[in-house]
Amino acid sequence: MEFSHKSVLLNETIDALKIKPDGIYVDGTLGGGGHSYEICKRLSDKGRLIGIDQDAAAIEAASERLGEFKDRVTIIRSNYCEMKKQLNSIGVTSVDGIILDLGVSSYQLDTAERGFTYREDVPLDMRMDQRQARTAKDIVNEYSEMELYRIIRDYGEDKFAKNIAKHIVQARQERPLETTGELIQAIKAAIPMKVRAVGGHPAKKTFQAIRIELNNELGVLRDSLDDMIDLLNDEGRLCIITFHSLEDRIVKNHFRTSEHPCICPKEFPVCVCGRISKGKVVTRKPILPGEEELEENSRSKSAKLRVFERSI
């Protein structure tokens with residue numbers, strides 16, 4: 001299956017980056033190379049694009065798509081949390097802009113054997129990086145009922161989290177849950193019929209929760225933000241597209257703290273904590289998809305773009 005992913009908030013992100021033709025830019029979630037392609041189109045022969053992704057299929061697809069830009073492009077297979085280390089290894093210590101698109105690609109969702117889907121009965125997997133040993137099957141069969149409840153409640157934001165966790169544990173006592181279909185049956189049994197009859201797929205939120213937990217998506221984001229801001233040159237910009245309320249909250253709060261880091265009591269006449277602002281939040285409110293994009297791409301519905309500009 002061809003690696004395809006319709007880049008969300010594409011024009012808005014490219015505009016927000018304020019691309020300099022001779023600049024260095026990093027796409028930390030390269031995917032199929034949609035955002036990167038538009039960045040490369042705006043670069044001169046002196047400009048540079050560094051793409052990072054942990055998915056082998058994404059690396060292959062993006063390499064082909066960006067092939068016309070040749071020496072302008074460097075592609076690295078890694079997680080964006082290793083960005084600073086990976087850039088140092090190729091002699092890059094600062095950049096003019098960074099983009100993260102934290103959505104799961106259409107390819108990953110639609111390629112059944114990747115195990116992200118709740119529409120076919122396939123082995124439970126959900127690994128973003130297939131070099132990783134642990135899969136979704138391990139979480140479903142090894143986590144305690146309380147641990148399952150926590151992740152489904154927090155990452156899936158499902159009001160039936162407690163009952164879903166209970167039914168998963170009951171089902172696996174008979175035999176391990178090894179496929180998406182077996183997990184879906186346990187989830188459906190936990191949700192009242194009248195609720196299942198309306199809204200989206202009953203397993204959607206639980207699958208999202210397990211995927212986030214397996215790939216440590218929130219931890220990776222939280223632990224990477226300082227490094228990415230520190231990598232930026234003066235007036236360099238960090239653009240992050242999120243699809244989950246917890247991701248968005250992490251980004252929003254970190255950007256705000258980076259702009260106003262002072263922890264001195266309000267009654268102090270001057271700052272004595274010594275914490276210095278790293279820049280400014282460009283987006284006081286997140287940028288959302290327009291009506292046209294929402295009509296063309298239903299997966300853009302929950303997307304939010306936030307932008308931070310570095311000051312040195």
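Reply: First, a definition. A nonpolar patch joins nonpolar side chains within 5 Å of each other, taken from residues with over 30% relative accessible area and no salt bridge. Keep in mind that this is a predicted model.

Now the patch itself. Phe-268, Val-270 and Val-272 make a nonpolar surface patch of about 290 Å². Take Val-272 as the example. Val-272 sits in the loop between α13 (245-259) and β6 (279-281). Is Val-272 buried or exposed? Its relative accessibility is 58%, so Val-272 counts as exposed, since the cut-off for exposed is over 50%.

The cut-off here is under 20%. Leaving aside neighbours within four places in sequence, His-254 is in contact with Leu-225, Asp-226 and Ile-229.

Next, the inside. An unreviewed UniProt entry lists Gly-33, Gly-34, His-35, Asp-53, Tyr-80, Asp-101 and Gln-108 under "binding site". From this set, the lining of the largest cavity takes in Gly-33, Gly-34, His-35, Asp-53, Tyr-80, Asp-101 and Gln-108.

Look at two of these residues in turn. Start with His-35. His-35 lies in helix α2, which covers residues 34-41. With a relative accessible area of 3%, His-35 is buried. What does His-35 touch, not counting residues up to four places away in sequence? The contacts include Ser-7, Val-8, Leu-9 and Leu-10. Thr-13, Ile-14 and Asp-27 are also among them.

Now Asp-53. Asp-53 is in strand β2, residues 48-53. At 11% relative accessibility, Asp-53 counts as buried. Again, residues up to four places away in sequence are not counted here. Asp-53 touches Thr-29, Leu-30 and Gly-31, among others. Its contacts also include Ala-58, Ile-59, Ile-76, Arg-77 and Ser-78.

Last, the charged pairs. Side chains of opposite charge can pair when their charged atoms come close. How many salt bridges does a search of the whole structure find? The search finds 20.

One of them joins the side chains of Asp-45 and Arg-72, at 3.6 Å from N to O. This pair links distant parts of the chain, 27 residues apart. Asp-45 is in the loop between α2 and β2. Arg-72 is in the loop between α3 (56-65) and β3 (73-77). The two ends of this bridge have their own labels. Asp-45 is exposed, with a relative accessible area of 70%, whereas Arg-72 counts as buried at 17%.

Another bridge pairs Lys-85 with Glu-82, at 3.7 Å from N to O. Lys-85 is exposed, with a relative accessible area of 57%. Glu-82 counts as partly exposed at 30%.

Then comes Asp-125 with Arg-127. Their side chains meet in a salt bridge at 2.7 Å, N to O. Asp-125 is buried, with a relative accessible area of 9%. Arg-127 is buried as well, at 15%. Elsewhere, salt bridges that share partners join Glu-38, Lys-41 and Arg-42 into one network.

Technical notes. Residues numbered from 1 in each chain as written. Predicted model: local features only at pLDDT ≥ 70, side-chain atom pairs only at ≥ 80, totals over all residues. Heavy atoms only, no water. Patch = residues over 30% accessible without salt bridge, like charges linked within 9 Å, V, L, I, M, F, W, Y side chains within 5 Å. Areas by Shrake-Rupley, 256 points an atom, 1.4 Å probe, with all protein chains shown as cover. Salt bridge = Lys/Arg side-chain N within 4 Å of Asp/Glu carboxyl O. Helix = DSSP H or I, 4+ residues; strand = E, 2+ residues; numbered from the N terminus. Buried < 20%, exposed > 50% of the residue type's maximum accessible area, 1.4 Å probe, protein only. UniProt positions renumbered as here; feature names shortened; annotations may be inferred. 1 Å grid on protein atoms, 1.4 Å probe; cavity = no way out; pocket = protein on both sides within 12 Å on 5 of 7 lines; lining within 4 Å. Contact = heavy atoms within 4.5 Å.
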